[in-house]
Number of protein chains: 2
Amino acid sequence: MRRINPSRFQVATRGTSRDINSRIVLNLVRAHQPISRADLARSMGVSRAAVTLIVNDLLAQKRIFEGATGETERGRKPTFLYIDSRRRAVIAADIRASETFLILADLLGKPLTGVISFPTVRDPKQQVTKLAARIKRLMAEHPEIDGYEGIGVVVPGMVEHSTMRVLHAPTLGWRNVDLREPLAAATRLNVQIENSGRACALAQMWALRGDHATMAGDLVYISVSDGIGVGVIMNGEVLRGRHNIAGEFGHVPLSLDGPKCSCGSQGCWEAYISNRATLARYFGRPVNLAGPEDAANRPFTVEDLITRARASDAKAVAAIEATARYLGLGLASVINVLDPSRVYIGGEITLAWDLIEGTVRTALGERALTAAAAETEIRPVAATEHPRLVGAAALVAAPAFAAPVVA
Amino acid sequence: MRRINPSRFQVATRGTSRDINSRIVLNLVRAHQPISRADLARSMGVSRAAVTLIVNDLLAQKRIFEGATGETERGRKPTFLYIDSRRRAVIAADIRASETFLILADLLGKPLTGVISFPTVRDPKQQVTKLAARIKRLMAEHPEIDGYEGIGVVVPGMVEHSTMRVLHAPTLGWRNVDLREPLAAATRLNVQIENSGRACALAQMWALRGDHATMAGDLVYISVSDGIGVGVIMNGEVLRGRHNIAGEFGHVPLSLDGPKCSCGSQGCWEAYISNRATLARYFGRPVNLAGPEDAANRPFTVEDLITRARASDAKAVAAIEATARYLGLGLASVINVLDPSRVYIGGEITLAWDLIEGTVRTALGERALTAAAAETEIRPVAATEHPRLVGAAALVAAPAFAAPVVA
DNA sequence: CATAGTTTGTCTCGTCACGAAACAAATAGA
DNA sequence: TCTATTTGTTTCGTGACGAGACAAACTATG
């Protein structure tokens with residue numbers, strides 16, 4: 001039951017029915033690919049005639065294509081339909097504090113190239129120039145791609161959705177930066193900017209592997225890294241909030257008088273489970289942001305810590321176990337508040353998921369309000385799945401499949 | 001951008017455009033009442049011809065009616081249209097631990113009668129019988145009402161939305177109770193059951209006073225009483241979550257090792273700001289649920305405490321101030337996580353709002369992530385507005401104005 | 001008082017899109 | 001070769017919106 005806003009609504013015109021139904025067809029093709037017109041008509045409950053006309057539209061727009069013919073017991077064989085992602089791609093960029101990553105992906109979010117990267121430049125203008133140059137080079141290296149749907153960019157910070165400006169990205173030192181306009185001007189492509197946590201959540205919602213297709217649209221993506229990034233999908237839509245801060249669980253306190261947090265407050269979840277917190281616990285003292293700790297000039301990271309834990313370093317195990325416990329206690333809050341169908345966890349800590357899962361579950365169980373809530377599915381997302389880049393790709397690829405705005 | 005669920009979607013048929021547009025007309029009439037056909041056509045951007053046909057439909061359905069003619073500078077005078085709530089009503093019931101309240105309201109949620117009440121019976125079957133009898137008596141007392149849209153019931157507990165069963169209502173001692181079926185059978189009316197916090201939030205979303213009409217669909221309703229009840233609206237829809245527990249901020253910890261909570265855990269927000277917590281702070285010892293404290297056999301309540309605070313009882317002031325501070329600190333979490341346009345606060349504590357607002361704001365400012373978030377509008381809702389009963393009425397009255405489900 | 005000008009509300013026609021049903025095409029099996 | 005069956009297309013009917021003409025109602029004005 002959604003409210004109609006009497007000052008911002010969308011009336012239905014003659015084409016609205018067609019809009020709605022052709023979006024549904026696109027989604028069904030994407031979900032059940034390959035699928036025939038007759039199958040579409042059956043699963044939609046509309047006449048084959050209507051499907052024929054819609055499919056012809058989509059064929060003319062080159063959004064789908066006719067492939068092989070299928071097999072049937074009796075009668076004429078169906079012609080299968082597929083999403084047309086041949087020779088079309090999106091560009092995905094992930095700007096992080098030290099490096100920027102780039103990839104080409106198809107319209108379904110599948111990577112088409114390996115990940116390339118370059119050191120992030122702190123000056124926004126120079127960074128955009130460099131990014132645009134790398135994107136152009138990447139495009140030139142792939143002449144087999146006819147058209148680009150656009151560029152999706154994720155940043156570790158607060159993004160104003162209406163203008164796509166980066167309002168504040170602490171690790172980059174950016175405030176009120178407009179990446180979109182210069183990047184669009186340089187490449188003449190549609191550019192979409194989003195916070196990385198939200199983009200990751202969006203990508204998981206639009207993902208099609210396994211039973212996702214049938215999943216309700218309620219999920220949370222939590223990325224545990226130097227900070228805690230959270231993306232929330234509720235009722236099939238990204239939660240942004242009035243001031244684009246929705247989902248900031250990282251600064252919900254576990255204990256009001258807990259350890260000092262980078263935000264200036266005390267006892268935030270982030271101050272318990274960020275990589276810095278885990279390392280600080282191991283070393284028994286605060287760890288600064290990019291502090292080299294161990295080998296010659298190479299910083300000691302959570303990955304190293306996990307390696308030591310696997311090698312039965314008792315202090316390392318204890319540090320990770322403590323993080324796991326606080327992760328579970330915080331997850332209880334996330335689940336009690338949002339009650340999602342599934343929670344995804346990203347970040348380096350997922351490398352140790354087999355070690356910590358039990359502890360996380362136990363802690364979650366301690367504070368989850370109901371037994372069912374305590375059983376909420378938790379899925380680690382490995383770095384090798386490139387969740388942020390897939391998220392960036394989804395920013396551009398997903399809108400074509402979204403429900404049309406109506407009423 | 002909403003995702004289309006490929007296994008649960010709604011195709012557009014021939015009537016879909018009309019459905020959408022007639023809902024929009026209904027909402028515009030409700031928001032701008034009185035309004036003419038020509039005005040509707042202008043603000044919708046559709047032809048007057050289309051509006052005429054839609055309006056004729058709605059007139060035939062008796063959902064709107066033609067009233068007086070308006071004034072214009074020149075030309076033919078418009079005939080004004082109004083929502084037809086004449087001689088039609090909804091029944092709203094609020095079941096609380098000790099008493100059950102009843103009221104008649106019109107289709108816009110405006111109370112038509114005074115509040116009547118009777119002691120709540122703990123046995124669900126007897127309670128339903130009694131409630132049905134009182135409802136029938138109320139209906140008999142109002143023969144001027146031609147038709148009832150239905151019965152809205154709010155309960156202080158977890159309600160499964162799909163079946164409308166009361167899964168767990170601790171203060172009533174109910175588990176897995178079906179109120180709907182027997183009540184519907186006894187009255188032959190449409191019965192809607194909902195958690196009271198959610199219903200209050202729903203009512204605020206659908207309310208039309210002041211600038212609400214133009215408000216974005218993001219708000220939170222927090223009711224501070226024996227427990228903390230929270231209703232959340234995001235993107236114009238009620239948040240329920242996978243297991244119907246979404247919005248349980250009452251059991252998010254302020255401090256992991258804080259005071260013991262009724263849920264069995266420690267340091268929950270509820271354990272800091274519930275009425276029992278405030279009273280316990282005043283008395284310097286735990287207070288049991290319905291414990292008579294002061295006068296002959298009459299329990300000492302938070303209202304009494306507020307009276308004493310107003311009479312400059314230093315201990316009372318301190319107790320309320322502490323509650324205000326924790327209220328603000330918890331609100332910071334609510335706002336950081338959901339970032340709503342507005343937060344409504346209900347419960348007895350609102351009687352002292354003038355005393356505590358400053359403290360609440362200060363505490364909120366301490367932990368809010370941005371200055372804008374700290375400025376989030378907070379509105380106390382007085383008990384005299386009967387938020388739970390208006391919420392119950394909205395359960396039945398609002399669906400007629402909701403956006404049709406499509407795509 | 002008649003008339004022009006203006007605004008509201010209705011009517012007609014054209015077009016878009018879905019539903020029903022007939023039809024053409026393709027295929028397996030008797 | 002014929003029949004049954006299934007897919008995909010075409011035709012016709014109908015619901016709904018857009019454009020524009022028209023009737024109705026009202027004011028101002030000479």
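Tutor: Let's start with a definition: the radius of gyration is taken over C-alpha atoms, and the globule rule is 2.2 Å times the number of residues to the power 0.38. This is a predicted model, where local features need pLDDT of at least 70, side-chain atom pairs count only at pLDDT 80 or more, and totals for chains, interfaces and linings use all residues. Residues are numbered from 1 along each chain as its sequence is written, while chains are lettered from A and ligands numbered from 1 in the order in which they are written.

Student: What is the radius of gyration of chain A, next to that of a compact globule?

Tutor: The C-alpha atoms of chain A fill a box of roughly 70 × 50 × 50 Å along the principal axes. For 407 residues the globule rule gives a radius near 22 Å, and chain A agrees with that, having 23 Å.

Student: Among contacts in chain A with a separation of 6 or more, what share joins residues 24 or more positions apart?

Tutor: Two residues are in contact if their C-beta atoms, placed from the backbone, lie within 7 Å. Among the contacts in chain A with a separation of 6 or more, the share from residues 24 or more positions apart is 62%.

Student: How many helices and strands does chain A have?

Tutor: Helices (H or I, at least four residues) and strands (E, at least two) are DSSP runs, numbered from the N terminus. On that basis, chain A comes to 13 helices and 15 strands.

Student: Is helix α13 of chain A mostly covered or mostly open, and which elements do its buried residues pack against?

Tutor: Helix α13(A), residues 387–397, is mostly covered, with 11 of its 11 residues buried. Among them are Arg388(A), Gly391(A) and Leu395(A).

Student: In what order do the strands of the open sheet of 3 strands in chain A run?

Tutor: Two strands pair if DSSP finds at least two bridges between them. In this sheet the pairing is antiparallel, and the edge strands, β7 (158–160) and β9 (174–177) of chain A, each pair on one side only. The order is β7-β8-β9.

Student: Which residue of β8(A) is the bridge partner of Met158(A)?

Tutor: Strand β8 of chain A spans residues 165–169 and pairs with β7(A) in the antiparallel sense over 3 bridges. The partner of Met158(A) in β8(A) is His168(A).

Student: Turning to chain B, why is strand β3 described as largely enclosed?

Tutor: Strand β3(B) takes in residues 88–95. The strand pairs with β6(B), residues 147–155, in the parallel sense over 6 bridges, and Arg88(B) stands opposite Gly147(B). The strand is largely enclosed by the rest of the structure because the buried residues number 7 of the 8.

Student: How many residues lie between β3(B) and β4(B) in their hairpin?

Tutor: These strands run antiparallel and are joined by 6 bridges, with β4(B) covering residues 99–105. Ile91(B) has Leu104(B) as its bridge partner in β4(B). Between the two strands of the hairpin there are 3 residues.

Student: Which element gives the most to the side of chain A that touches chain B?

Tutor: The contact takes 72 residues from chain A and 72 residues from chain B. Elements giving two or more residues on the chain A side are α1 (16–32), α6 (196–206), α10 (314–338) and α12 (371–374). By class, that side has 41 nonpolar, 21 polar and 10 charged residues (nonpolar: Ala, Val, Leu, Ile, Met, Phe, Trp, Tyr, Cys and Pro; charged: Asp, Glu, Lys and Arg; polar: the others, Gly among them). With 9 residues, the element that gives the most is α1(A).

Student: What kind of axis relates the two copies?

Tutor: Copies are superposed by least squares on the C-alpha atoms of residues with pLDDT of at least 70 in both. Chain A can be laid on chain B with an RMSD of 0.1 Å by a turn of 180 degrees and a shift of 0.0 Å along the axis. The copies are therefore related as by a two-fold rotation axis.

Technical notes
A residue is buried if 20 or more other C-beta atoms lie within 10 Å of its own, exposed if 12 or fewer, and partly exposed in between; C-beta atoms are placed from the backbone.
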